[in-house]
Amino acid sequence: MGLDQYAYRVPKMYKIDAFHFSKEVPEDEFFYLRKNYLVDDFMQNLYVAKGGKEEFNCKYVEVTREDLDAFLKLLEDRVSVIEQERQRIKDMTSIYKKIGCKVQLTDTSYDDYKEALDFIEICYSVLNDDDLIYYSNWW
């Protein structure tokens, strides 16, 4: 069980609306994420903002350049919080090592942030190719 996330490239001629595209289009998944709640939370909010009414699970939402711009701004605003978290984890790991504790702390917030930035960068390139992007999840 978990969260699987997919981004699909869809030629403009196959668009139906912000939540649907023609099933005649060959599936072109260009990005896969696993349990990146940073991305999924943004996309769920986007789905609702665009008028989605059902639970956002196995649904699609179109992601535009403006949506990516807003997501990037949100991530940039969180950089200082993530950097503080990284330092806290580094400090705690150092303390644990000093007392002989074998606890392994991971920096998932930074990993998710980096993966979200990679996702945005690739999405911009898809939009530059004049295709559309639809995001979906499955949990």
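## Strand β6

Helices (H or I, at least four residues) and strands (E, at least two) are DSSP runs, numbered from the N terminus.

This is a predicted model: local features need pLDDT of at least 70, side-chain atom pairs count only at pLDDT 80 or more, and totals for chains, interfaces and linings use all residues. Residues are numbered from 1 along each chain as its sequence is written, and side-chain values use heavy atoms, leaving out hydrogens and water.

## Strand partners

Two strands pair if DSSP finds at least two bridges between them. Strand β1 (residues 4-11) runs antiparallel to β6 over 8 bridges. Tyr8 faces Tyr134 of β6. Strand β5 (residues 60-62) is also antiparallel to β6, with 3 bridges. Here Val61 stands opposite Tyr135.

## Salt bridges

The count is 9 salt bridges, each a side-chain nitrogen of Lys or Arg within 4 Å of a carboxyl oxygen of Asp or Glu. Asp129 meets Arg9 at 3.3 Å, N to O. Asp129 lies in the loop between α3 (108-128) and β6, Arg9 in strand β1, 120 residues apart.

Lys50 bridges to Asp67 at 2.8 Å between closest N and O atoms. Lys50 is partly exposed at 27%; Asp67 is buried at 11%.

Note on methods
Buried means under 20% relative accessible area, exposed over 50%, partly exposed in between (1.4 Å probe, protein chains only).
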